[in-house]
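Hi,

Here is the structure I said I would pass on.

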Amino acid sequence: MLEALYRTARALPLGRPAADPAGSGILIRPAGAEAHVSLRVRDPGPSAAGLPLDRPINTVSGDARRWIARLGPDEWLIGSDEAEADALPAALAADLGERPHAIVDISHRNVGIDVSGARAAVALNAGCPLDLGEAAFPAGTATRTLLGKAEIVLIRRPGPVPLYRVECWRSFSTYVHGFLTEAARSAG
Amino acid sequence: MLLIACPHCGNRPETEFRCGGQAHIARPADPAALSDEQWAEHLFVRANPRGVHAERWCHAHGCGRWFNALRDTVSDRFLETYPAGAQPSHSTDVRA
């Protein structure tokens with residue numbers, strides 16, 4: 001019974017909110033359950049578990065189903081399908097072998113929220129101080145930053161309309177979702 | 001908004017950073033040999049210059065790395081940022 005409850009909480013972190021709560025054309029969709037892994041390794045080598053580790057800091061590679069964002073010189077955030085939650089850390093550990101590293105499953109800690117629409121950057125800029133212009137924050141950029149009072153990881157995915165992924169801690173997710181909803185109302 | 005140049009991430013807004021106080025303070029090699037006054041001096045006494053100051057900064061809400069910066073305490077202007085362990089290229093008396 002408890003397990004079923006936990007699974008529901010993971011799959012629907014914020015319940016079933018309307019995709020466009022503000023009616024502004026900015027879609028705010030909480031992502032379902034996903035596997036998230038935090039990887040720290042000082043001497044990474046070119047790749048692990050098929051994920052590149054040699055890309056520049058503050059970029060994301062891969063597709064929507066399996067991605068890796070480099071957040072710092074020795075830190076990566078990896079997201080993948082929920083089904084991979086057990087296999088991914090083991091595959092990473094096998095490829096990194098003897099190199100000192102830390103792999104932490106943070107699937108329960110992180111909640112993803114997808115924000116898309118032509119004016120999505122305006123809504124995000126209500127609480128995020130970064131320059132989200134096309135030149136400063138093109139598709140493929142990913143960084144840790146702030147949204148209002150919460151720390152987030154902001155990822156920009158490629159696509160015909162601007163599509164951002166906001167990753168925040170689970171206990172911050174109601175605040176972050178509410179903040180984005182309010183921001184979309186005034187931005188739209 | 002004040003921008004600070006993180007050595008890893010480039011120009012980023014000030015709110016993402018934490019200041020860690022004066023930089024280039026070496027821990028005494030043999031603390032047991034120091035008098036109480038000398039040890040207290042190392043622990044608690046810091047420069048508070050009116051002008052250029054070398055400080056430690058952390059990109060806490062970004063890459064999470066510590067680095068050093070030269071900041072003018074009068075104008076709040078950052079002269080340069082450089083990796084932890086390195087020396088600044090501007091010649092300045094950090095104890096001034």
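**What I found**

Let me begin where the chains meet: 11 residues of chain B are in contact with 13 residues of chain A, where contact means that two C-beta atoms, placed from the backbone, lie within 7 Å. On the side of chain B that touches chain A there are four nonpolar, five polar and two charged residues.

Some housekeeping before the rest. This is a predicted model, in which local features need pLDDT of at least 70 and side-chain atom pairs count only at pLDDT 80 or more, while totals for chains, interfaces and linings use all residues. Residues are numbered from 1 along each chain as its sequence is written, and chains are lettered from A and ligands numbered from 1 in the order in which they are written. The model scores ipTM 0.85 and pTM 0.89. For chain B the mean pLDDT (the predictor's confidence in each residue, from 0 to 100) is 91, and 94% of its residues reach 70 or more.

Chain A splits into domain 1 (1–32 + 109–188) and domain 2 (34–106), with bounds that come from an automatic or database domain assignment. Their C-alpha centres lie 22 Å apart. The contact between them takes 13 residues from domain 1 of chain A and ten residues from domain 2 of chain A. On the domain 1 side, the elements giving two or more residues are β9 (110–116), β10 (142–147) and β11 (150–157) of chain A. Helices (H or I, at least four residues) and strands (E, at least two) are DSSP runs, numbered from the N terminus. That side of domain 1 holds four nonpolar, six polar and three charged residues.

The largest nonpolar core has 55 residues, and those with the most contacts inside it are Ala69(A), Val115(A), Ala123(A), Val166(A) and Leu180(A). By nonpolar core I mean a set of buried Ala, Val, Leu, Ile, Met, Phe, Trp, Tyr and Cys residues joined through C-beta atoms within 7 Å. Buried, in turn, means that 20 or more other C-beta atoms lie within 10 Å of a residue's own, exposed means 12 or fewer, and partly exposed is in between, with C-beta atoms placed from the backbone. Helix α4 (residues 173–187) of chain A gives the largest share of this core, six residues. At least three residues come from each of domain 1 and domain 2 of chain A. Take Val166(A): leaving aside neighbours within four places in sequence, it is in contact with Ile113(A), Val115(A), Leu147(A), Ile152(A), Leu154(A) and Val176(A).

Which residues of helix α2 (residues 87–96) of chain A are buried? They are Leu88(A), Leu92(A) and Leu96(A). These cover an arc of only 60° around the axis, so they sit on the same side of α2(A); the arc is that of the directions from the helix axis to the C-beta atoms. They pack against β2 (34–41), β3 (47–48), β7 (75–81) and β8 (101–105) of chain A. The face turned away from the buried side carries the exposed residues Ala90(A) and Ala94(A). After α2(A) comes Gly97(A), with a positive phi near 55°.

Ala49(A) also has a positive phi, near 55°, and is a residue other than glycine. Ala49(A) lies in the loop between β3 and β4 (51–52) of chain A, and counts as buried because it has 23 C-beta neighbours inside 10 Å.

**Chain B**

Chain B has one helix and six strands, in the order β-β-β-α-β-β-β along the sequence. Its C-alpha atoms fill a box of roughly 45 × 25 × 20 Å, taken along the principal axes. Buried residues make up 19% of its 96 residues.

His24(B), in the loop between β3 (18–22) and α1 (36–44) of chain B, has a positive phi near 65°. With 13 other C-beta atoms within 10 Å, His24(B) is partly exposed.

Finally, Ala84(B) lies in the segment after β6 (78–83) of chain B. Ala84(B) and Phe67(B) are 17 residues apart in sequence, and their C-alpha atoms are 4.5 Å apart in space.

Definitions and conventions:
Ala, Val, Leu, Ile, Met, Phe, Trp, Tyr, Cys and Pro count as nonpolar, Asp, Glu, Lys and Arg as charged, and the others, Gly among them, as polar.
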